[in-house]
Amino acid sequence: MPPIRFGRRAALAAGLALATPALAQRGWPAGRPIEIIVPFAPGGGMDAMARTVAPFLAARLPGARVLVSNRAGAGGQVGTEAVANAAPDGFVLGACATPTVLSQPIERPVRWRPAELTYLAQVVEDPCGLFVRADSPLRGLPGLLAAARARPGDVAYGTAGIGGDDHIAALLLEEAAGVRLNHIPFNGTSQLLVPLLGGQLEVGAFNISEALPLLRDGAIRGLALASEARDATAPDIPTYREAGVDVVFSAGRGIFGPAGLPEAIRGAMEEAFTTIFADPAWVEAAARAGLPLKPLVGAAYRDAALGGEAALKALWARRPWKE
């Protein structure tokens, strides 16, 4: 997270001290509850991020109540559109998934433009990974690639949806390793775990935070992570690069609002997140929830969220991923 200079923080705090009474008179945030819409089913990494941060956000917005709701559908499109088209009054926010917020407008018509959304704070950067049931015959990424070469287009892997981070990571893996896999999209990570654990799905592609509970229980094994280095929470899982595949890819998860969020509301939210991220109690809560933190606030989050758009468009030109 980029350092925030004292002068800027002091100016922002002074501005908020003036803005907050006016906001309260207009009903924000002491009016109806602030809703954070998660565009995926309960139980996945997006859901965990939103539900962990929500009470901390409420505690730093005087008079606020923050509720989390799940509005799954179309690989995250339904919930994201609900946020993007909400009134810009601060009462409706969303859990933002990158690269999904960028990839879906590339592949199909959607009711948002990524550059127009209000990016408030990134919370998590969660490496993509490949996981199998504990008794799977597949051993490591080399074993998966060998199987894919022996059975081109037949080895099935499941993701939380078309054009999501795990799907994009798998396409990059296929491209780098010269193989083809069989993609099976589900409506959220929690939905693919049933066939994975039941033996009907060979490989699950999801993030390390989502895998940790099952790894600790011994129900699954990690084949590889698309991370820069081995993850401290699962040090036995090698990286793609260790298997000779130069792919690094993660999910960014944060909180966003619709376009045109008023400056006073946006500033109050950014200040709240800045304070949350510096709180040791937040760090402890995030660790308990298995959230791999990479906090970014305001403009820094916007730059990170939009920074991969050109590379995604180039990938789409080479390998359109809509099936």
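Q: Before we start, what counts as a strand here?
A: A strand is a DSSP run of E with at least two residues, numbered from the N terminus. Keep in mind that this is a predicted model.

Q: With that in hand, which strand gives the largest share of the lining of the second largest cavity?
A: That is strand 3, with three residues. Strand 3 spans 92-98, and helix 4 (100-107) also supplies at least two residues of this lining.

Q: What makes a residue part of the lining of the second largest cavity, and which residues are they?
A: A lining residue has an atom within 4 Å of a point of the space. For the second largest cavity, these are Pro39, Phe40, Gly76, Thr80, Ala95, Cys96, Ala97, Thr100, Val101 and Phe256. They divide into seven nonpolar, three polar and no charged residues. The volume of this cavity is about 50 Å³.

Q: How many cavities of 30 Å³ or more are there?
A: There are three. The largest cavity holds about 200 Å³ of space. Its lining has 22 residues, and Phe40, Met46, Ala160, Asp165 and Thr189 lie nearest its centre. Helix 2 (45-59), helix 6 and strand 9 each supply at least two residues of that lining. By type, the lining of the largest cavity has six nonpolar, twelve polar and four charged residues.

Q: What makes a space a pocket and not a cavity?
A: A 1.4 Å probe fits in a cavity but cannot get out, whereas a pocket is an open set of points. The largest pocket holds about 600 Å³ of space. It is lined by 29 residues, with Glu125, Val248, Phe249, Ser250 and Ala251 the closest to its centre.

Q: Which element gives the most to the lining of the largest pocket?
A: Helix 12 does, with four residues. Among the other elements that each supply at least two residues are strand 4 (118-133), helix 6 (165-177) and strand 10 (293-297). The lining of the largest pocket divides into 17 nonpolar, six polar and six charged residues.

Q: Why is Cys128 called buried?
A: Buried means under 20% relative accessible area. Cys128 has 1% relative accessibility, so Cys128 counts as buried. Cys96 counts as buried too, because its relative accessibility is 2%.

Q: What makes a group of residues a nonpolar core?
A: Its members are buried residues of the listed nonpolar kinds, joined through side-chain atoms within 4.5 Å. The largest nonpolar core has 50 residues, and Tyr119, Leu130, Leu141, Leu144, Tyr240, Val245 and Trp321 touch the most other members. Helix 6 provides the largest share of this core, six residues. A second, separate core has 39 residues, including Met46, Val68, Ala121 and Val297. In soluble globular proteins, nonpolar side chains tend to be buried together.

Q: Which residues is Tyr240 in contact with, leaving aside its neighbours within four places in sequence?
A: Tyr240 is in contact with Gly129, Leu130, Leu141, Leu173, Ala224, Leu225, Ala226, Val245 and Val247.

Key:
Residues numbered from 1 in each chain as written. Predicted model: local features only at pLDDT ≥ 70, side-chain atom pairs only at ≥ 80, totals over all residues. Heavy atoms only, no water. 1 Å grid on protein atoms, 1.4 Å probe; cavity = no way out; pocket = protein on both sides within 12 Å on 5 of 7 lines; lining within 4 Å. Points joined across faces, edges and corners; volume = space filled by probe spheres on them. Nonpolar A, V, L, I, M, F, W, Y, C, P; charged D, E, K, R; others polar. Buried < 20%, exposed > 50% of the residue type's maximum accessible area, 1.4 Å probe, protein only. Contact = heavy atoms within 4.5 Å.
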